[in-house]
Amino acid sequence: MEEPIISVLKETRVFPPSKEFSGKARISSMRQYRELYRKSVEQPEQFWAEQAEQLHWFRKWDSVLRDDQGFFKWFEGGRLNVAYNCLDRHVEAGKGNSIALIWEQENGQATTFTYAKLLEEVSRMANVLKGNGIGKGDRVCIYLPMIPELPISMLACARIGAVHSVIFAGFSSDAVRDRVQDSDAKMVITSDGGFRNGAIVPLKDIVDKAVKECRTVEKVLVVKRCANRVVMKKGRDSWLHDQLSSVRSDGCPAESLHSEDSLFILYTSGTTGKPKGVLHTQAGYLLYASLTFTHVFDIREKDIYWCTADIGWITGHSYTVYGPLANAAAVVMYEGGPSYPRPDRFWKIIEKHKVSVFYTAPTALRALMKQGDDWPDKCNLKSLRLLGTVGEPINPEAWMWYYTVIGRKHCPVVDTWWQTETGGIMITPLPGATPLKPGSATLPFFGIVPGIVKEDGSRAKENEGGYLVIRKPWPGMLRTVWKNPERYKHTYFEQFGVYLTGDSARCDRDGYFWIMGRTDDVIKVAGHRLGTAEVESHLVSHPTVAEAAIVPILDVVKGQALYAFVILKKGNKPSDRLRQDIITHVAEHMGKIARPEKLQFADDLPKTRSGKIMRRILKAIAEGAKDLGNTTTLADPSVVEKLAKGRIA
Ligand code: WT7
């Protein structure tokens, strides 16, 4: 079992719900939470059926839940449309003039979309998709920066039943290629470029490189954002604005879709080099994203809500797009770099748009905390009433800073644990009920039954670390791994017969969950999920590299960073230049987020007699541990000593 990523301090203080929430929030006492929780797990079908009434259905479901040999089906027989639920029904209810989206550009300008306007844009976009031969079930890859066309494209796909697969715009060409190939996408939507810290990222060029090797792509739609020069391939590429000008914004009815039709694929890293296409479907996903959004953030009519995550990750899917829009919330979306032009950008945006609910990642908080309190202190943050974090364990120091300096001690901090696969928040405080313990994601959401098990499958004792599992299905869960049902079964259900999260955790005497870190070969760098095998494959694709191994090291801002061990092919000599060249190669092919922080050249790696790399030992070496643990099973124990000497501190 892994050690906690960041030291978990002894529980020092418990923070009861503040008077702004206690007795006022939707769930406003522990008693109320416990009662509803009990119902949700004892009579799940009844509970979820009642909750599902809040969605708009073209036809109600016949059964709430069915287990089809380990593949779970929710609300079968039901028909609905996700985009209709996020747009049309609000407009029909008279909320057409309410704010849906406030888009803050990197240059400081802002544009607002009402629900009526967003519906118009989505319908127009959906007509463009249709005009390009996209229909129900077709996959559309979306590789866009944080511009309105990104959520508009997603909702347009949802409107006509196409399956979107958003690829984070920080990924580079090989990562894009792998994801487009696996999804067999017919279309890619991209932009000429994206603004990041004042510079332009040439997204279209990256797509050109990637799509060369993707046979299924027929059309590439290009948003003009930066006016940088791009090459347009005749017959394949077209400018979105040209296409939009020739279609109508009406006459695109929302398709009536089955509850279990595919909504989107989102690739995420796992233990093998190939990322997994996590598949989410219509009804269960939307219901779960929507319900968690209202309860965890206790959203009110007047709230201005901002989640800083890029929409290219699941957090943006569920809590910038689907969860908030299903609730007719006002959502802020920011285009650019978090410290651009200065480290107070986040606080300035909160001040400018009067953000009341703010959701971000611990890594961002640690980075901003390092800049000093002056930046937030000089901004008016009075509009804030609730703070959230997600993506990795938050160390109590960062939690306290968030609570004290940003929240001025009156905003609850909801530390939300969940995953791409879970679709929505799973373990979390509810701000009106749950006493907070800094560093703990606290208690399960309705319908969620987490457990901690030991290697042999038995239940761990109080405070004993073990594998975090989820014992019952929930509506937001992934339905399968795209084109790979065996991998779905194997990765998530084989070991214990219940959903395996890949995280280790402990549960304290109050039933609070403390997430400790991953148990598999997944590393969380600045909250981004990276698979060691995927990064390693981009290292060995460098012409001089014979073999490579990646292990995590601690990083005070990013939580974890990558340490690479590299064996060169015969005839190549280690040098600083080559080291830089290999690191740049990874950044160019996979993306900057996958760039190793440190790279050590090695003659050999510690392997078992059967040839398996012993990562445990590599990790200890990278961390500079005095005790490397048991090395007797190694084929050649002398390897270790040499490696330890060459460690990059
Ligand atoms: C992994 C999932 C959930 C959306 C963003 C990440 C880690 C996530 C927390 C938290 C401790 C957390 C886990 C999890 N994680 N939230 N509050 N405390 N760890 O989604 O990229 O699929 O990553 O992120 O290790 O398994 P993801």
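Which residues in H5 meet which residues in H10? Pro151, Met154, Leu155 and Ala158 in H5 meet His317, Val321, Tyr322 and Leu325 in H10, where contact means heavy atoms within 4.5 Å. By class, that contact has seven nonpolar, one polar and no charged residues. As for the classes, Ala, Val, Leu, Ile, Met, Phe, Trp, Tyr, Cys and Pro count as nonpolar, Asp, Glu, Lys and Arg as charged, and the others, Gly among them, as polar.

A word on the ground rules. This is a predicted model, in which local features need pLDDT of at least 70 and side-chain atom pairs count only at pLDDT 80 or more, while totals for chains, interfaces and linings use all residues. Residues are numbered from 1 along each chain as its sequence is written, and side-chain values use heavy atoms, with hydrogens and water left out.

**Helix packing**

Helices (H or I, at least four residues) and strands (E, at least two) are DSSP runs, numbered from the N terminus. Axes are lines fitted to C-alpha atoms, for helices over the stretch in contact, and angles run from 0 to 180 degrees between N-to-C directions.

| Helix pair | Axis separation | Angle |
|---|---|---|
| H4 (residues 115–131) and H5 | 8 Å apart | about 65 degrees |
| H5 (residues 149–160) and H10 (residues 314–326) | 11 Å apart | about 55 degrees |
| H6 (residues 173–183) and H7 (residues 203–211) | within 8 Å | roughly 55 degrees |

On the angle labels, under 35 degrees counts as roughly parallel, over 145 as roughly antiparallel, 65 to 115 as roughly perpendicular and the rest as oblique. H4 and H5 are therefore roughly perpendicular to each other. H5 and H10, in turn, are oblique, and H6 and H7 are oblique to each other too.

Handedness goes like this: a crossing is left-handed if the near helix is turned anticlockwise from the far one by less than a right angle, and right-handed if clockwise. The H5 and H10 crossing is right-handed, the one between H6 and H7 is right-handed, and H4 and H5 also cross in a right-handed way. From H4, the residues making the contact are Leu118, Leu119, Glu121, Val122, Ser123, Met125, Ala126, Leu129 and Lys130, and from H5 they are Ile152, Ser153, Leu155, Ala156, Cys157, Arg159 and Ile160. This H4 with H5 contact divides into eleven nonpolar, two polar and three charged residues. Leu155 of H5 turns up here and also in the contact with H10.

Over at H6 and H7, Ser173, Val176 and Arg177 in H6 meet Ile206, Lys209 and Ala210 in H7. The residues of that contact come out as three nonpolar, one polar and two charged.

**Sheets**

Strands of a sheet pair through backbone hydrogen bonds, either parallel or antiparallel. For the assignment here, two strands pair if DSSP finds at least two bridges between them.

Seven strands make an open sheet with mixed pairing, in the order S5-S4-S17-S16-S18-S19-S20. Its edge strands are S5 (110–114) and S20 (413–416), each pairing on one side only. From one strand to the next, the twist averages 20 degrees. Within this sheet, S16 (residues 304–307) and S17 (residues 330–334) pair in the parallel sense over three bridges, with Ile304 opposite Ala330 in S17.

Another open sheet has four strands in the order S21-S22-S24-S25, and its pairing is antiparallel. S21 (450–453) and S25 (513–518) stand at the edges with a single partner strand each, so one side of each has no neighbour in the sheet. Neighbouring strands of this sheet are turned by 45 degrees against each other on average, direction ignored. S24 (residues 499–507) runs antiparallel to S25, joined by five bridges, and Ala505 has Ile515 in S25 as its bridge partner.

Most residues other than glycine have a negative phi, and most peptide bonds are trans. The peptide bond from Tyr340 to Pro341 is cis, with omega near -5 degrees. Pro341 sits in the loop between S17 and helix H11 (345–353). Lys483 has a positive phi, near 60 degrees, and is found in the loop between strand S23 (480–481) and helix H15 (485–493).

**Domains**

The domain assignment, with bounds from an automatic or database source, gives domain 1 (109–263) and domain 2 (522–645). Their centres, taken over C-alpha atoms, are separated by 36 Å. Nine residues of domain 1 are in contact with nine residues of domain 2.
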